[in-house]
Amino acid sequence: MPASPSTARAINDRLALGLLQSEGPLTANQLKQLTGLSRPSVADLVERLQGSGLVTVVGEAGARRRGPNARLYGIVADRAHLAALDVRTDSVSVVVTDLLGAVLAEASASIGGDTATAVESALTLVEGTAREGGAQRLHTVGIGAPGLIDPATGDLHDTTSLPAWHRALAGALQERLGARVLVENETNLAARAEQRDGAARDRETFVLLWLGEGVGAAVVLDGVLRRGASGGTGEIGFLPVPGTGSLPSATGCEGGFHSLACAAALHALGAEHGLGAPGRSAADLVRHAVQAREGAFLDAVADRVAIGAAAMAAILDPGCVVLGGEVGRAGGTALAARVEQRVTAMSPLRTEVRASALGGSAVSRGALLAAMDAAQDELFGPPPGC
């Protein structure tokens, strides 16, 4: 059935807003050419979008041109302000942006103490960063945190391995700020960022293998992030693997892939190769090995990481595995190449292994993309009743 006039207008408005976001400011004539709409239709949608406060005149197309067609229209970036949080075990990083993702302020702080103290510290950090960025109100907040997300409620699962303040933070932010708050697993957000802006830009199907204090994976199939029935897709730390001497259990991943490739296990492996040093993390050891061309240690790390990568390849056939997390980033292309060689030897399924392209910003970037998409869906979407 043909769309109603109101639905058609909403579709045209969203199309124009998408073009203004991707192409930058445009004249009415350029919008006409890119949308295929008639001149009167473009004039109507520009008037509607200006009236709604989403679009404004930001300049002129050329000094010699005059008249309506010479005006450049752009999205009102401060129509809404957003925040992205990267929540660690004992710290929080915050980025505050406008509606189009331009960074206005950012900060980070260590978080400790009991639940009430930790939550208040995090709230104070977010509020202070928002004020610094000139945001009187936050429209949407995206949070990236370790742990499982309940697909039905969007809440973090209760687990003894994570601080209690993690679960309390989202509700406290929503109550204090009155903002929309979205919580997502850190690895899933990193995958979202790698697909949009990083190492997987050309991939609709891939796996991001997270190598840090813990290990995990994010699975993207046909462009869609897969979470599973309970939100546990990619909990590869529980994968039973050879070489650990035991099996994981329902209450702990010791004995699984976690025991081979987590930061503590790789730190111990470094000590076996004579690379242990006080104060050095597993990522530091891997980074040093890359710089010093300590091939034996990198080979040993790749032997372990490849077991998890090959398992994902055998089950999902993703064609591409991106190595993220602190250790994955530290290993870079040197580690990725070694892992790919081993996966190729273990699996008949062609699997390219790539290093993260976003460094330490992947989780924060993914949280921001989630907040941007949600805010724009609400503000750019059709009016009620369409």
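**Close-up 1. Arginine 48 and its contacts from elsewhere in the sequence.** Leaving aside neighbours within four places in sequence, arginine 48 is in contact with Arg9 and Asp13, where contact means heavy atoms within 4.5 Å. This is a predicted model, in which local features need pLDDT of at least 70, side-chain atom pairs count only at pLDDT 80 or more, and totals for chains, interfaces and linings use all residues. Residues are numbered from 1 along each chain as its sequence is written, and side-chain values use heavy atoms, with hydrogens and water left out. Arginine 48 and arginine 9 are 39 residues apart in sequence, and their C-alpha atoms are 9.4 Å apart in space. You will find arginine 48 in helix H3, residues 39-51; helices (H or I, at least four residues) are DSSP runs, numbered from the N terminus. With 28% relative accessibility, arginine 48 counts as partly exposed, a class between buried (under 20% relative accessible area) and exposed (over 50%), using a 1.4 Å probe and protein chains only.

**Close-up 2. Helix H2 against helix H3.** H2 (residues 28-35) packs on H3 at an angle of about 115°, with the axes 9 Å apart. Here axes are lines fitted to C-alpha atoms, for helices over the stretch in contact, and angles run from 0 to 180 degrees between N-to-C directions. Look for Ala28, Asn29, Leu31, Lys32 and Thr35 of H2, which meet Arg39, Val42 and Val46 of H3. Sorted by class, this contact has 4 nonpolar, 2 polar and 2 charged residues. Ala, Val, Leu, Ile, Met, Phe, Trp, Tyr, Cys and Pro count as nonpolar, Asp, Glu, Lys and Arg as charged, and the others, Gly among them, as polar.

**Close-up 3. The two sides of helix H8.** Ala263, Ala265, Leu266, Leu269 and Gly270 are buried in H8, residues 263-272. Seen down the axis of H8, these buried residues fall within an arc of 160°, so they line one face of the helix; the arc is that of the directions from the helix axis to the C-beta atoms. On the other side of H8, Ala264 and Glu272 are exposed. The buried residues pack against helices H7 (257-261), H9 (282-292), H10 (295-316) and H11 (325-346). After H8 comes glycine 274, with a positive phi near 75°.

**Close-up 4. Helix H8 meeting helix H10.** The axes of H8 and H10 come within 10 Å and cross at roughly 150°. Ala265, Leu266, Leu269 and Gly270 of H8 meet Phe297, Ala300, Val301 and Arg304 of H10. By class, this contact has 6 nonpolar, 1 polar and 1 charged residues.
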